[in-house]
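These are my notebook entries on the structure shown below. I record each item that I looked up.

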Amino acid sequence: MDKAAKEVYGQGRHFVSRRVQISLLTVILAVIFTASIWSAAQLRTVLNDTTKEYLHDVTAQMTSDIRYTMEHKMEDLEIISDSVSEIIDAGEESGIGEFLKRKAGILEFSFLMMIDSRGRSVFEVGEAGMGKPAMEELEGLADTEAVQASFKGKVSASYMGGSNIIYTAPVRVRGEVIGVLAGGRSKENMQKMIASKSFCGNALGCITDSSGQVVIAPTELDSFMELDNIFRNETGTDTSSGIHKIQEDMTEGRDGTLRFTAGTQEELYLAYNSLGVNDWVLLTIIPADIISGRADQYILQSFIIVGITILVFSLFLFAVYRFYNEHRRQLEKIAFTDPVTGGANNAAFQMQYRELSKSMEPFTYAVVLLNVKGFKLINERFGIEAGNGFLSYIYQNAERHMDTGRGEFAARVESDQFFLCINEHEPELIQSRLDSLIRDINSFRDTQLPCCQLSFRQGACIVEEPEMEITLLQDRARLAYQSQDPDVQQKCGFYDNGLTEKLKKELELSELFESSLKNHDFQVYLQPKTELKSGKAAGAEALVRWLHPERGMILPGDFIPLFEKNGKICELDLYVFKEVCKLLKRWIHEGRKLLPVSVNLSRQHFRTAEILKRFYDIAKEYGIPQGIIEFELTESIFFDNKQIKIVQESIRKMHQYGFLCSLDDFGSGFSSLGLLKEFDVDTIKLDRSFFINTSGTKAKEVIRCLIELAQSLDVQTVAEGIEKPEQLDYLRAVGCDMVQGYIYSRPLPIPEFEEFIEKM
């Protein structure tokens with residue numbers, strides 16, 4: 001080829017090369033531009049979700065603050081009412097006016113007034129003694145539902161318009177409602193809470209009832225009525241159904257949010273939150289773009305810059321594109337990487353599962369949750385930095401146990417919780433793999449961390465429907481481990497539909513609690529304690545039975561653990577104690593022989609020793625002699641190191657107040673003998689597990705030694721769960737003081753118990 005031909009050939013090749021480069025660059029830039037649009041759309045979705053979540057969080061906090069304020073004021077008024085009742089009962093009515101004036105100033109009531117049963121105002125004082133409130137604002141107050149409800153014994157809150165929120169509470173004298181105490185609090189305080197500054201002053205909110213009637217607005221009512229135009233001008237099917245759902249939710253007391261377009265074409269969010277007081281609801285409206293508005297401007301500017309750069313600086317855009325990719329990878333690393341372990345976080349776990357689920361067969365995988373027990377103690381003992389080292393070490397071991405070839409992976413999702421997705425579906429194999437992982441963790445090989453035995457709570461959900469949202473599967477795994485007994489070591493709980501049914505049943509029982517307590521559906525049964533020497537009843541244990549008018553007998557095993565968990569057990573214990581005091585008072589009045597009665601106290605009471613003062617006041621109110629009521633404490637209370645000092649002080653207080661103390665389920669733990677040394681109890685109740693098999697020599701010797709030890713310490717012994725005559729004969733031979741069990745009697749309703757005692 002000659003020189004000219006070579007030049008033409010070279011120019012042609014150069015031209016073709018340039019065309020290929022330009023074409024390639026054009027495709028790349030088009031992809032970049034498309035990717036930018038997609039990223040902006042995704043960002044907009046994320047920002048919208050963030051706006052909705054932010055609205056939910058802020059309005060939920062506002063609702064909680066408003067509810068707390070109102071409930072606090074209702075409690076204040078109830079306390080004042082009790083004091084007024086005591087003043088009236090003492091015949092010192094002349095001091096009520098001065099008392100109310102002082103309380104109005106201290107507790108920031110704009111007025112306090114007492115209404116008698118005829119609807120007349122008996123006493124009334126203005127704010128801090130500044131004079132009477134405007135009576136025209138309070139006309140008709142006596143006829144309101146709130147006042148009428150208080151005449152029936154209920155503490156209520158209401159709003160009649162004007163400048164005050166009205167709180168009412170019954171005034172009882174010797175158990176009879178003789179009047180109603182009404183207190184007003186300026187609505188300005190509530191208006192300030194509604195007019196939240198959390199949304200840069202762009203929020204519009206008010207309190208309504210469930211029918212949508214405005215109760216309190218942050219400004220004058222006319223300004224808030226713009227909401228009517230928003231709903232009146234919107235005819236879209238989605239929004240109409242959304243508004244219908246809001247009405248249903250408000251009626252049912254549920255919370256929620258709705259996005260809709262106003263008559264001005266502005267996109268808005270409406271949040272509605274039940275206050276839990278009357279049927280009042282907090283409504284809050286914010287612009288949908290309150291967070292994303294400024295982002296839209298930046299997105300538009302970015303598109304303009306990208307467009308100009310595409311036209312003028314193609315090569316420069318190629319470099320920008322590379323930079324953008326690098327930046328995006330960094331963001332993804334931040335978004336999907338756990339900063340503590342350097343591995344996958346919850347977002348990465350969920351994303352990886354969603355990808356895997358597309359090809360997953362049912363009943364082949366399981367989602368497992370591991371929760372480190374007592375991890376706060378590790379942080380307190382070794383420090384935060386070492387604690388993070390433990391978390392990283394656990395994650396590394398979990399990763400090492402994952403078979404990536406079978407699609408398995410792990411992640412730390414939050415604090416001390418780890419999720420695993422493993423290719424197993426048999427509970428035995430899942431438990432075996434978890435046991436192996438935990439053994440590996442507790443070996444502390446190849447680490448400088450201090451050795452300490454780590455325990456894990458475990459829950460698993462076998463994936464029956466791969467298309468199910470991963471968050472639901474994680475919730476089910478979490479529910480499975482929460483359903484496990486916390487004292488069970490290193491065992492995995494597995495989710496089944498029964499757990500959901502159990503939760504539903506627990507929720508229903510919790511909802512029935514208050515009404516059942518009010519209606520006395522909880523009844524006290526007594527099981528006799530029989531003295532072995534005399535064969536006579538020497539005491540009884542008070543046990544609670546739930547006899548619901550519609551559900552019938554609800555077993556203690558169904559509601560006692562539930563109420564222990566949700567805290568209602570304290571209220572139930574107090575109810576049983578009061579019923580026992582009423583019974584003892586009746587026995588005194590009827591001239592019956594008083595038998596000591598033991599009442600169970602939950603461990604939930606022992607947050608402070610001062611709780612016993614409340615029981616003492618009730619016993620004193622009913623005139624119960626000292627030494628008649630005994631508190632039974634389960635052995636597990638004494639094993640909580642955080643409560644030992646409080647329990648010791650509580651037992652001292654019991655004796656100071658004239659109560660006896662019994663240690664129930666003695667022998668069910670591993671440190672029972674040590675308890676007799678540390679705690680000054682009056683009685684021990686030998687756990688029924690001692691008497692399951694008393695034919696062996698060792699079993700009998702253990703029982704004999706325990707009884708002799710108790711006798712030497714001047715502690716009474718009660719044997720529980722005795723059902724056989726040979727058990728009774730042996731206990732009598734070794735000097736046991738009392739027996740409680742079916743061999744003498746099952747737990748009896750009070751009338752049957754009284755008949756049983758008379759026949760003995």
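I took helices (H or I, at least four residues) and strands (E, at least two) as DSSP runs, numbered from the N terminus. The model is predicted, with pLDDT of at least 70 needed for local features and 80 or more for side-chain atom pairs, while totals for chains, interfaces and linings use all residues. Residues are numbered from 1 along each chain as its sequence is written, and side-chain values use heavy atoms, leaving out hydrogens and water.

Entry on Ile304. I located Ile304 in helix α9, residues 292-312. Ile304 has a relative accessible area of 48% and is therefore partly exposed, the class between buried (under 20%) and exposed (over 50%), with a 1.4 Å probe and protein chains only.

Entry on the sheet. I traced an open, antiparallel sheet of five strands in the order β7-β6-β10-β9-β8. Its edge strands, β7 (214-216) and β8 (256-261), each pair on one side only; pairing requires at least two DSSP bridges between two strands. Strand β6 (residues 204-208) is joined to the antiparallel strand β10 (residues 281-287) by five bridges. Within this pair, I found Leu282 of β10 as the bridge partner of Ile207.

Entry on Asp338. I looked up Asp338 in the loop between α10 (314-336) and α11 (346-357). Asp338 counts as buried because its relative accessibility is 4%. Leaving aside residues up to four places away in sequence, Asp338 touches Gly343, Ala344, Asn345 and Arg412; contact means heavy atoms within 4.5 Å.
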